Amino acid sequence: MSNQRDWEDLASRLDGIYTVEDFETTAYRLLAEQVIYHSDRSSRVTYAILDLYEREFAKVLAPLGVSLSINRQLRYVTALPQHAKAGTATVAQTLFALVLRGLYDEGVRAGGLTEDGEVLCDYIELQEKFHLMTGRDLPTRGELDTLLRTAKRWGIARRLEDDDSGHLTPLQEQSAGGVAIRPAIVDVLGETALMRLAQWGAARDEAHGDGAAGESVAIEENQGMNDEEA
């Protein structure tokens with residue numbers, strides 16, 4: 001049965017509450033964005049549809065080799081490839097993502113989650129932890145902005161905005177905001193991510209500086225992480 005027919009059958013049972021277009025748009029957004037968070041104002045209707053009709057969306061996504069998972073405690077939905085494959089990301093993208101995962105785990109252990117399951121990190125802490133974990137300096141502001149856009153596209157982090165002020169500590173406010181590391185980073189970057197970060201620590205001693213900074217490295221796409229622009 002085609003996706004169109006699935007959505008038509010479902011919409012006909014709902015007496016106009018949701019249309020075929022609503023279901024198609026929701027499926028497209030999930031595949032394009034990989035993670036849908038209820039806490040994002042523009043995603044609340046999309047999250048609600050996925051929450052209500054999880055079984056139907058899982059059925060449609062299965063032939064595409066994509067599994068759907070809903071974390072109802074923290075209220076987000078992920079769509080991940082069922083068959084891991086090797087993708088590529090730059091060294092900078094990979095290291096930044098792995099450091100964010102390490103920081104998220106530290107925040108969880110310290111009980112530092114917000115009500116949305118995020119770990120907030122100011123730029124001073126991010127700079128210190130990045131250097132501690134990788135032996136490198138945090139990229140300059142321009143490159144950091146690019147890395148943050150990539151992390152946002154992967155659904156694992158976002159820049160702190162003005163409306164986050166109620167969640168910020170005085171230090172975070174003084175350091176011009178920072179980064180919110182989002183809970184789906186645990187789904188997107190699995191347990192092997194922290195092992196990769198530890199392995200990097202050993203490998204960097206053999207790399208003799210930053211000569212490999214422009215190379216690509218393989219990362220696991222449990223993930224579905226890719227280097228395409230949104």
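I began with Arg75, which I found in the loop between β2 (66-71) and β3 (76-81), strands being DSSP runs of E with at least two residues and helices runs of H or I with at least four, numbered from the N terminus. The model is predicted, so I took local features only at pLDDT of at least 70 and side-chain atom pairs only at pLDDT 80 or more, while totals for chains, interfaces and linings use all residues. Residues are numbered from 1 along each chain as its sequence is written, and side-chain values use heavy atoms, with hydrogens and water left out.

I looked up phi of Arg75 and noted a positive value near 60 degrees; most residues other than glycine have a negative phi. Arg75 is partly exposed because its relative accessibility is 38% (buried is under 20% relative accessible area, exposed over 50%, partly exposed in between; 1.4 Å probe, protein chains only).

Next I searched the whole structure for aromatic pairs and got seven (rings of Phe, Tyr and Trp, the last by its six-membered ring, with centres within 6.5 Å; planes under 30 degrees apart are stacked, over 60 edge-to-face, the rest tilted). I noted that Trp7 and Phe23 are stacked, at 5.3 Å centre to centre with 15 degrees between the planes, and that this pair links helix α1 (residues 3-13) to helix α2 across 16 residues. Both Trp7 and Phe23 are buried. Phe23 also pairs with Tyr53, edge-to-face because the planes stand at 90 degrees, with centres 5.7 Å apart. I recorded one aromatic cluster formed by Trp7, Tyr18, Phe23, Tyr53 and Phe57.
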